[in-house]
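Try each task yourself before reading its solution.

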Amino acid sequence: MCVRHNLHHATEDPEVVRRLIRENPWGTLVGSNNGAPVASHYPILLDEEAEGLAVLTHVGRPGEMIHGFGDREILLIIQGRNGYVSPSWYAPGTTRAPTWNFSAAHCYGVPQILDEEENLAVLARLVAHFERQVEEPMLLDLDWGRPVAQGTVGIRLPITRFVCKIKMSQDKDPVTQRQVMAALRAPGPFQNPKLADDMARALSSD
């Protein structure tokens, strides 16, 4: 994601980042190991009890050593719904250039290592977060989960700064915006009704 300033797409509102994390609880942790970039992909939870912006997650051992968790800043990438936008959906007489609509946040902070009990509690919360959506939830049994949790390292990541972009055709004319949302909701190779919903929300908040 380009970090150049763009008034149409950039936001400094932490509530937008919170919503993005809640709706897309899968993140990419990016760190470094001896000067080489390393990345890991894990489910994440927004730390709802934090005064500031923070997330809870874990890595499998020895991920904490590969990333060199300690006093070093890492990057957490959150990506929301995204999709191709064809210029054939634009209003007549406008640009012929296609584009890609997306939501993404680059979040930075120094991870805090959780102790074993804190990690187990976070893992239990993580399982409950997803299991509550199925008919017969299977929550994490702490006695069974304790030895399994020993293969992971829990972290809390206070987010001290972020760059967030919500690019949802804000720079297009109203006719184009309506036609793009209609096309995303219609059957076809690029059907993406949830992206159309994200567009509607972003455009209504402008």
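**Exercise 1. Find how many salt bridges there are in the whole structure.**

Start with the criterion: a salt bridge is a side-chain nitrogen of Lys or Arg within 4 Å of a carboxyl oxygen of Asp or Glu. Searching the whole structure with that rule turns up 13 salt bridges. Keep in mind that this is a predicted model, where local features need pLDDT of at least 70, side-chain atom pairs count only at pLDDT 80 or more, and totals for chains, interfaces and linings use all residues. Residues are numbered from 1 along each chain as its sequence is written, and side-chain values use heavy atoms, with hydrogens and water left out.

**Exercise 2. Work out how Glu 15 and Arg 18 are separated in helix α1, and whether each is buried or exposed.**

Step one: the pair forms a salt bridge, its closest N and O atoms lying 2.8 Å apart. Step two: both sit in helix α1 (residues 14–23), and because they are three residues apart there, about one helical turn separates them. (Helices, H or I of at least four residues, and strands, E of at least two, are DSSP runs numbered from the N terminus.) Step three: take buried as under 20% relative accessible area, exposed as over 50%, and partly exposed as in between, using a 1.4 Å probe and protein chains only. Glu 15 is then partly exposed at 43%, whereas Arg 18 is buried at 13%.

**Exercise 3. Say which parts of the chain the salt bridge between Glu 73 and Arg 161 links.**

First the contact: the closest N and O atoms of Glu 73 and Arg 161 are 2.9 Å apart. Now place the partners: Glu 73 is in the loop between α2 (63–67) and β6 (74–85), while Arg 161 belongs to strand β10 (residues 161–167). They are 88 residues apart, so this one ties together distant parts of the chain. As for accessibility, Glu 73 is partly exposed at 38%, and Arg 161 is partly exposed at 43%.

**Exercise 4. Name the residues in a salt-bridge network.**

Follow the links and you get Glu 23, Arg 81, Asp 198 and Arg 201.

**Exercise 5. Give the strand order of the open four-stranded sheet and its edge strands.**

Two strands pair if DSSP finds at least two bridges between them. The order reads β4-β5-β9-β8, with antiparallel pairing. β4 (45–46) and β8 (112–113) are the edges, each pairing on one side only. Zoom in on β4: two bridges join it to the antiparallel β5 (residues 54–60), and Leu 46 stands opposite Val 55 in β5.
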